[in-house]
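This report covers salt bridges and a helix contact. The sequence and structure come before the details.

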Amino acid sequence: MATRCTTAGRSINEALPQAVVVAARGWIGTPYRHQASRKGVGCDCLGLVRGVWREIYGREPERPEPYQPDWAERAGGDRLLAAARRHFGAALAQDEMAPGDVLLFRWQPGCAAKHLGILSGPGLFIHAYEQAAVIESALVPSWRRRICAVFRFPQGERGEA
């Protein structure tokens, strides 16, 4: 049986975060492809998180509408943050983040969130990097200060929060 622990009043099934990190690491080296979500073939940052969700829960959380590389600037609103809240629930405080959590990034204050990755260890995260591939990067201060929200994969049997 998986071990359970409590962080800031929240119970965490330790097997789920470990499974998320293992799944995300399996995507490392997948080429960057805008709007794609196929391990080993291509994905963008959203496609990486969608693919890990599929591996964990066996299905997509939702099918995103087509989006352009500059969608966050043109669309108005904070669609990525809204979708994260729909599927992951309430955001966590940054000091609660743990391996397996999803990190959302904003390039500038007041702008929509437009990048995401998965925390893979202390000071490390996995993300699909444009012009490159899925990589594990250090969560250096320039990345850390751009985090606008942290979400945990839901504990429900098939992703129901």
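## Salt bridge of Glu-62 and Arg-86

Glu-62 has a relative accessibility of 31% and so counts as partly exposed (buried is under 20% relative accessible area, exposed over 50%, partly exposed in between, with a 1.4 Å probe and protein chains only). Its partner in a salt bridge is Arg-86, at 3.0 Å from N to O (a side-chain nitrogen of Lys or Arg within 4 Å of a carboxyl oxygen of Asp or Glu). Glu-62 is in the loop between H2 and helix H3 (71-75), Arg-86 is in helix H4 (residues 79-88), and the two are 24 residues apart. Helices here are DSSP runs of H or I with at least four residues, strands are E runs of at least two, and both are numbered from the N terminus. Arg-86 is exposed, with a relative accessible area of 51%.

## Basis of the model

The model is predicted; local features need pLDDT of at least 70, side-chain atom pairs count only at pLDDT 80 or more, and totals for chains, interfaces and linings use all residues. Residues are numbered from 1 along each chain as its sequence is written, and side-chain values use heavy atoms, leaving out hydrogens and water.

## Other salt bridges

The whole structure holds seven salt bridges. One of them joins Glu-55 and Lys-39, with 3.2 Å from N to O. Glu-55 belongs to helix H2 and Lys-39 to the loop between strand E3 (37-38) and strand E4 (42-43), 16 residues apart. Arg-50, Arg-54 and Glu-60 are linked in a salt-bridge network.
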